[in-house]
Amino acid sequence: MTREKGTLLSNWESQVRKGTLDFIILLCLRKQERYGYEMIKTIKSVTGMNLSEGTIYPLLNRLKKDELITSRWVEMETGIPRKYYWITEKGQDTLKEMEKSWAQFAASLSLLSEDKK
Amino acid sequence: MIGENFFKNAITQKIWNQYDRRLQHILRRTDKEEKKELLLEIKSHLLESFRQDPAESEEEKLLNAIDRLGDPEIFLRPLIADKYMTRASRTLRPKDVVKGLYFSLFTGFKKAFVSFLLGLGYILVFVLAAIAVLKPFFPNHVGLILFNDGSMTGGMSFNSSGVKIDYLGYWVIPIAACLSVLLYIGLTKYLRIARRSRSGIKK
């Protein structure tokens, strides 16, 4: 792969991943509550996404305003408090819809891909 | 306060204080409670990141943590734009509208394009208001006018061939003023709707 193609692909991947960050955050919170730093570590390790860590905070703020997630502060022994987030019922419902939509989208792309073959 | 006198090294503490000042500055217009909460959350993140950084020196650990977190002027921009847009759609104050547009211009191409269109809309508001104000002072140059040389204007013109037909006459004043006000309210109300539908995750 040429260097230019590599850059194009990497930019495309980055755009796709960033565009689905809301979805990824909700997925992260589906089964357990997490704090911001922990969420970023998980997202980075699972998706390989190279994002500026601060990007997540305006998103968390918005998801909270949309009542898809909620939060609480927990005092830690280290003296550094952590803000834990968890998904609300409304968030769970939205996540289910997102998953359906994602699956449909992926399936239609597969069809297109197969057509080409 | 979190992070205050946290570091052993004076230079590291200085780096921390500088970053704190940048955060305080960018968040200066947000609600007091929200600002307090965001500051605490971002600082808590930085300290966690600092603690887990493998670098040896305290200074390097903090610089790495800051580097990973990013520039607050950039990553907090969507949040600030959102604040001004919300406020502008509520208060209809031109100052808030301009600030909302300014911050939105830097938060993605789509938003920038919408902001550009909104900007054009606000320019039209200004032009309509100017027509209403200037008509009494320049009756032969402002309005919906057909000139003697056959050219026509729907606004302002410095054509000196003389007026053949002034279609609206002084009615252009209330019409332009009303259109200006209605357009201003319409555009600003649109900001609220755009803000609500922006997330793309609502049904």
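Select chain B to start: eight helices and three strands are assigned there, helices (H or I, at least four residues) and strands (E, at least two) being DSSP runs numbered from the N terminus. This is a predicted model, in which local features need pLDDT of at least 70, side-chain atom pairs count only at pLDDT 80 or more, and totals for chains, interfaces and linings use all residues. Residues are numbered from 1 along each chain as its sequence is written, while chains are lettered from A and ligands numbered from 1 in the order in which they are written.

Along the sequence, chain B reads α-α-α-α-α-α-α-β-β-β-α. Of its 203 residues, 28% are buried, meaning that 20 or more other C-beta atoms lie within 10 Å of a residue's own; exposed means 12 or fewer, partly exposed lies in between, and C-beta atoms are placed from the backbone.

Next, select residues 142-147, strand β1 of chain B, which runs antiparallel to β2(B) and is joined to β2(B) by five bridges. Two strands count as paired if DSSP finds at least two bridges between them. The open sheet of chain B has the order β2-β1-β3, with antiparallel pairing. Strands β2 (152-156) and β3 (163-166) of chain B are at the edges with a single partner strand each, so one side of each has no neighbour in the sheet. From one strand to the next the twist averages 35 degrees, with axes as lines fitted to C-alpha atoms and angles running from 0 to 180 degrees between N-to-C directions.

Now move to helix α2 of chain B, residues 32-52. Its 21 residues reach 30 Å from first C-alpha to last, close to the 30 Å expected at 1.5 Å a residue; the expected span is 1.5 Å times one less than the number of residues. Buried residues of α2(B) include B:L38, B:I42, B:L46 and B:F50. Their cover includes α3 (36-47), α4 (56-65) and β3 (82-87) of chain A, as well as α1 (10-26) and α3 (58-69) of chain B.

Show both chains for the interface. Chain B contributes 20 residues to the contact and chain A 18 residues, a contact being two C-beta atoms, placed from the backbone, within 7 Å. On the chain B side, the largest share, nine residues, comes from α2(B).

Finally, select A:K18 in helix α1 (residues 3-19) of chain A. A:K18 counts as partly exposed because 14 C-beta neighbours lie inside 10 Å. A:N50 is 32 residues away in sequence and 9.6 Å away in space, C-alpha to C-alpha.
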